[in-house]
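Please open the model in your viewer and keep the selection tool at hand.

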Amino acid sequence: MTAATRKKVLSLYMRVFRVARTWQAHTAVPQDTETERKYIVQEARTLFRQNQQMTDQESIKKCVEECEARIEIGLHYRNPYPRASYLPPMGLATQKGRKLRTQQRLRKQAKPLYLQSHDET
């Protein structure tokens, strides 16, 4: 990791914690605010530690873009949780063989940028 990339990642990490520190739940209930703050901190720690050993500049760039997108979406919608990802038509059909591979490919293509780090559900 280059020094510039490291600086960008660390500043992004600190930005997530600043957002968590100032976060106010949409419902204005103190318990909800605290729960959402804890979620933001826990999610950031988990994902940053999960990707800590990355060395490929392209994959680091994708992770940084995903983090920035999640921050902006969370601030815009006042919701720290990932937004729902809608499957393409026939996305839930249980099929076998070639059709199953096609459905898996379509699901992967339909996954938005801000959900790339989440496992397939």
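In this tour, buried means under 20% relative accessible area, exposed over 50%, and partly exposed in between, with a 1.4 Å probe and protein chains only. The model is predicted, so local features need pLDDT of at least 70 and side-chain atom pairs count only at pLDDT 80 or more, while totals for chains, interfaces and linings use all residues. Residues are numbered from 1 along each chain as its sequence is written, and side-chain values use heavy atoms, with hydrogens and water left out.

Select helix 1, residues 3-22; helices here are DSSP runs of H or I with at least four residues, numbered from the N terminus. Its buried residues are T5, V9, L12, V16, F17, V19 and A20. These cover an arc of only 160° around the axis, which puts them on the same side of helix 1, the arc being that of the directions from the helix axis to the C-beta atoms. Turn to the other side of helix 1, where A3, A4, K7, R21 and T22 are exposed.

Next, select the salt bridges, of which the structure holds three; each is a side-chain nitrogen of Lys or Arg within 4 Å of a carboxyl oxygen of Asp or Glu. E68 and K8 meet at 3.0 Å, N to O, and this pair links helix 3 to helix 1 across 60 residues. R15 and E72 have their closest N and O atoms 2.6 Å apart, joining helix 1 and helix 3.

Finally, select R70 and E43, whose closest N and O atoms are 3.3 Å apart. R70 is buried at 17%, and E43 counts as buried at 14% relative accessibility.

How values were computed
Helix = DSSP H or I, 4+ residues; strand = E, 2+ residues; numbered from the N terminus. Expected span 1.5 Å × (residues − 1).
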